[in-house]
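Here are some notes for your first look through this one. Have the viewer open as you read.

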Amino acid sequence: MSRGRNDIRILLLGEPKVGKTTLILSLVSEEFSPKVPAQAEEITIPADVTPERVATQIVDYSSRTQSQEQLCAEIRRADVICLVHALDDEKSMEKLSSFWLPLIRHNNPNPNSHIPIVLVGNKLDLLNESQLSQVLPIMSEFSEVETCIECSAKTLLNLSEAFWFAQKAVLYPTAPLYDAERKELTPACIRALTRVFRICDTDNDGYLSDRELEAFQSRCFSVPLTTQSLQDVKQLIRQSCPGGVTLNGITQKGFLFLHLIFVQKGRHETTWTVLRQFGYDNQIRLSNDFLYPRFSVPSGCSTEISALGSQFLQMLFRKYDLDRDGCLSPAEMTELLATCPEDQLPNLSELTDSVTTNSSGWITRQGFMAYWTLTAYLEPTRVLEYFAHLGFTYFAAGSYWSNVSPRSSAQQHPQPYLGSFNGCLSPRTPTTIGNHVLRDHSSVPYGGTISAGPSSSLIRSDSSLSSSATYLNAREALLRGLIITTEKRLDAIRRSTQRTVFYCRVYGARKVGKTCLLQGLLGRHLRGSGGLAIGGISGRASCWAAACGIPVYGHQRAFIMHEIGAAAGEQMTAGEALSADVACLVYDVSDPESFRYVANLFLNYYRGTRVPCLFVAAKADQPHVVQNYPVDPGELAIKYNLNPPEPFSSIHLEQQQLQQQQPPQQLVSGSTRSSLADSSLSYSDTSLFTRGSKHGRRAGSVEPSSSTFVGGDVRLSDGHQSVGLGLIGATGSRTDSAEPNHSSRTRRHSRSDLTVGGQSGEVSSTVESNFAPVYITLCTLANYP
């Protein structure tokens with residue numbers, strides 16, 4: 001697919017005997033024939049032999065064989081019209097403005113746009129000089145006339161160029177970019193280019209620096225940028241656009257001015273190449289093919305943010321965290337989402353209800369990553385849509401700078417975007433090149449001269465050569481933001497997984513403390529205030545909670561908790577129950593009737609299944625009572641080989657957090673730190689495909705063989721550890737998960753398995769120390785069922 005079109009229909013119109021049929025036959029046969037039929041048959045030129053790689057249909061019209069109704073029908077079907085006149089016949093030229101152009105306007109099927117027209121003067125071989133000056137008034141009167149060209153069907157001079165200009169008028173239309181009456185860019189074009197500017201302004205300082213322009217040039221046109229070209233552009237903007245360039249770089253005003261020049265000077269294919277590189281179609285809207293690339297998630301698999309996607313999100317957070325406080329204020333969040341359509345912006349409360357915030361209700365770095373992790377798990381299509389709006393494809397194309405060549409080598413290459421102004425700018429008259437005229441939309445002279453040497457052929461710029469490929473690559477690059485995991489059933493068979501995001505369903509009778517448990521994952525508790533209170537600033541507690549950075553054997557994992565209402569839990573299907581990686585069964589230690597609900601639910605849905613379960617004794621700060629159930633919670637856990645019930649209290653959560661903010665336990669040895677740094681540079685699996693190995697243990701996995709208690713801390717006896725990459729602090733690496741000893745088929749995990757410590761030469765992890773034991777237990781059970 002090239003620039004959003006599969007084919008182009010070119011219609012040739014004009015007075016009889018001006019050479020319409022001869023033009024078509026000479027183009028196809030590459031030779032002149034003095035005898036031609038009254039009308040040429042419709043001809044289709046394959047895409048691989050056309051300059052723009054688009055299949056082209058060429059349609060002839062003859063008043064001798066076709067009626068007026070047929071003529072009007074053909075006009076309505078045409079994508080572009082070549083209006084032919086004979087250079088040796090003044091009447092045929094007069095008919096252009098008196099009959100043909102009004103007729104085309106009258107039959108235009110779309111009143112909001114026009115059919116582009118190319119004026120073709122045939123029989124150039126019969127003249128000694130050009131007559132282009134006579135058609136300039138017609139171009140001024142009819143804005144739909146894109147180009148005028150003189151050619152000869154007999155000598156083949158400029159013949160192929162005439163049809164190439166017709167293609168160009170369709171593939172790179174002027175009307176969506178430029179308001180001819182106001183002589184300025186259209187609002188849609190300005191919005192699109194503003195989004196492009198914001199994405200390319202990678203440091204968010206309001207300027208495109210030299211380095212950012214180099215990356216932009218390489219990304220869009222696949223050629224490097226020379227120092228001289230850059231200085232010439234800056235000088236042009238400085239002279240003609242006050243405030244368009246500063247010592248820091250080109251401003252947004254200067255960037256828009258630059259594209260205004262491109263359009264006014266007939267180089268709108270340059271602007272279109274940029275827009276299409278960023279996903280825009282011919283109506284300057286992000287196309288559905290770009291926003292919603294097709295992919296499928298097999299049953300039993302899930303979707304996660306890829307390492308490249310994680311890097312992109314980390315970059316976005318750093319870019320818009322202007323005060324460097326580790327949180328995004330509402331103003332900063334609005335800036336971050338400025339490249340998204342206003343009618344599709346998520347509500348700020350939607351962004352913060354289910355993830356970690358600070359006391360003011362501002363989303364933290366961990367919460368920001370957790371939000372996208374949760375969205376990728378539940379709505380991967382939505383993540384790709386937002387990634388498209390936010391500029392992920394630009395980030396994915398070499399992480400900004402990797403494709404930029406050194407300037408020393410750049411001197412040998414053409415510059416389609418910023419390096420070809422000499423000989424392109426003209427006074428306010430249309431641009432004349434050889435025997436054709438390009439519409440010049442400029443209203444003021446910008447200086448420069450035009451070289452009017454003869455031209456028998458026009459070579460496409462590198463921008464048009466690469467635009468089709470880059471448009472496709474942009475859509476394909478979007479898929480690199482996600483990965484699809486292996487099927488859970490296969491993970492269970494192998495007793496290992498490469499997944500890093502785990503889903504927990506939380507069950508319990510009414511008022512047992514399920515909501516407080518979910519809110520505790522976000523650091524919110526009953527004694528908290530503001531953003532740290534139950535429900536956060538909004539006071540509305542979501543049934544979802546997500547967090548990143550939960551420690552599991554030295555790795556960081558993302559954990560998603562989903563509160564299931566009491567009625568919904570009783571009516572759910574077996575498939576819904578088994579969709580969880582771990583089931584959390586909550587009862588109230590002060591309510592003797594609360595355990596019965598979760599015990600029956602366990603026996604009905606989870607007994608004998610692969611899903612690990614954990615009973616959580618909520619409201620542990622309250623007096624304990626005997627549960628009105630035949631079996632004690634602890635005895636039931638022992639009977640079915642489960643972990644002992646885990647106590648939890650939202651009241652005590654604040655005290656636990658304060659204790660954990662003390663100097664944290666040392667989790668990773670110094671030797672492990674270096675191995676993590678090395679591994680962070682090796683990950684390259686960013687494509688949307690299933691990960692996994694069919695052969696035994698994965699490289700880098702760990703089996704903690706035993707654990708010992710030392711001074712109240714827990715340490716692994718096994719000396720070799722491996723740290724995987726979580727979603728927080730991603731640097732492009734993704735290591736395999738650690739694996740516990742599977743010599744026993746039990747699902748029980750002792751407390752000593754869940755907190756790992758060390759002594760000298762170790763690196764601390766403050767993220768790992770911010771979670772209560774119940775969450776670490778649940779996440780570990782999910783990781784190692």
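Which residues are linked in a network of salt bridges? Point 1 takes that up; bear in mind throughout that this is a predicted model.

1. The network is made up of Lys 488, Asp 491, Arg 494, Arg 499 and Asp 581. Inside it, Arg 499 and Asp 581 pair through their side chains, 3.0 Å from N to O. Arg 499 sits in the loop between helix H20 and strand E18, and Asp 581 in the loop between helix H23 and strand E21, so this bridge ties together parts 82 residues apart in sequence. Both ends are tucked away: Arg 499 is buried at 5% relative accessible area, and Asp 581 is buried at 4%.

2. Another salt bridge joins Asp 588 to Lys 619, with the closest N and O atoms 3.3 Å apart. Asp 588 belongs to strand E21, while Lys 619 is in the loop between strand E22 and helix H25, 31 residues away. Asp 588 is buried, at 4% relative accessibility, but Lys 619 is partly exposed, at 29%. The whole structure has 13 salt bridges.

3. Now look at helix H15, residues 365-378. Phe 368 and Trp 372 are among the buried ones.

4. Phe 368 turns up again in the largest nonpolar core, of 119 residues, where Phe 278 and Phe 368 have the most contacts. Helix H5 gives the most to this core, with nine residues. Apart from it lies another core of 60 residues, including Leu 518 and Ala 772.

Key. Residues are numbered from 1 along each chain as its sequence is written. This is a predicted model: local features need pLDDT of at least 70, side-chain atom pairs count only at pLDDT 80 or more; totals for chains, interfaces and linings use all residues. Side-chain values use heavy atoms; hydrogens and water are left out. Buried means under 20% relative accessible area, exposed over 50%, partly exposed in between (1.4 Å probe, protein chains only). Helices (H or I, at least four residues) and strands (E, at least two) are DSSP runs, numbered from the N terminus. A nonpolar core is a set of buried Ala, Val, Leu, Ile, Met, Phe, Trp, Tyr and Cys residues joined through side-chain atoms within 4.5 Å. A salt bridge is a side-chain nitrogen of Lys or Arg within 4 Å of a carboxyl oxygen of Asp or Glu.
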